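Please read the points below with the structure open beside you.

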Amino acid sequence: MSFTLSTLDHTDEAPNGSTITKVLAGLDGKRNLVATLARSEATYLQATGSVAEGFTLVCQDGSLERRYRSAETTLPLARVTQAFHQYFHGDPGWREGFRWEEDRERLEVTTWYESWWVYAIGLLAVTSFFVWWRGWW
């Protein structure tokens, strides 16, 4: 199974265990704050945070409806590294030892009548009609 390990600055198309360990240890919570180990665009394990403050894990299994976040936000580097290695090797035990909750971050869908474009076009139409009606054109 092929994996991709990515951060904000770098992508490794063929990561190995030492690369995973090095990338996770390099997360500082500033410029380097997220690492994602992905099987596909919709299936991945992600760590956010820093070595000093701790990490939060996010996993998605095929779709946004199956996206979960670790309830703990201060997970230690050793435990996160272990989970990443287990995920990388296909060990289903990577989920164990964490309390998972559904990730509530959802993309908000804006309806057509909530768009400012609709109001701008409406104002233009009303103004154009008024100018035409008054004969100023």
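1. A hairpin of two residues links strand 3 to strand 4. Strands here are DSSP runs of E with at least two residues, helices are runs of H or I with at least four, and both are numbered from the N terminus. The model is predicted, so local features need pLDDT of at least 70 and side-chain atom pairs count only at pLDDT 80 or more, while totals for chains, interfaces and linings use all residues. Residues are numbered from 1 along each chain as its sequence is written, and side-chain values use heavy atoms, with hydrogens and water left out.

2. Strand 3 (residues 34-40) and strand 4 (residues 43-50) are antiparallel and share six bridges; two strands pair if DSSP finds at least two bridges between them.

3. Is strand 3 mostly covered or open? Five of its seven residues are buried, and the strand is mostly covered. Buried means under 20% relative accessible area, exposed over 50%, and partly exposed in between (1.4 Å probe, protein chains only).

4. Rings of Phe, Tyr and Trp (its six-membered ring) pair if their centres lie within 6.5 Å; planes under 30 degrees apart are stacked, over 60 edge-to-face, and the rest tilted. This rule gives eight aromatic pairs. F129 and W132 are a tilted pair because their centres are 5.8 Å apart and their planes stand at 40 degrees. They are three residues apart in helix 3 (residues 116-134), about one helical turn. F129 is exposed at 52% relative accessibility, and W132 is exposed at 57%.

5. F130 and W133 form another tilted pair, 6.1 Å between centres and 50 degrees between planes. Both are in helix 3, three residues apart. F130 is partly exposed at 39%, whereas W133 is exposed at 56%.

6. The charged end of R134 sits over the ring of W133, 5.9 Å from its centre. For this, NZ of Lys or CZ of Arg must be within 6 Å of the ring centre and within 35 degrees of the ring normal. R39 likewise lies over the face of Y87, 4.4 Å from the ring centre.

7. Y87 belongs to an aromatic cluster with F3, F88, W94, F98 and W100.
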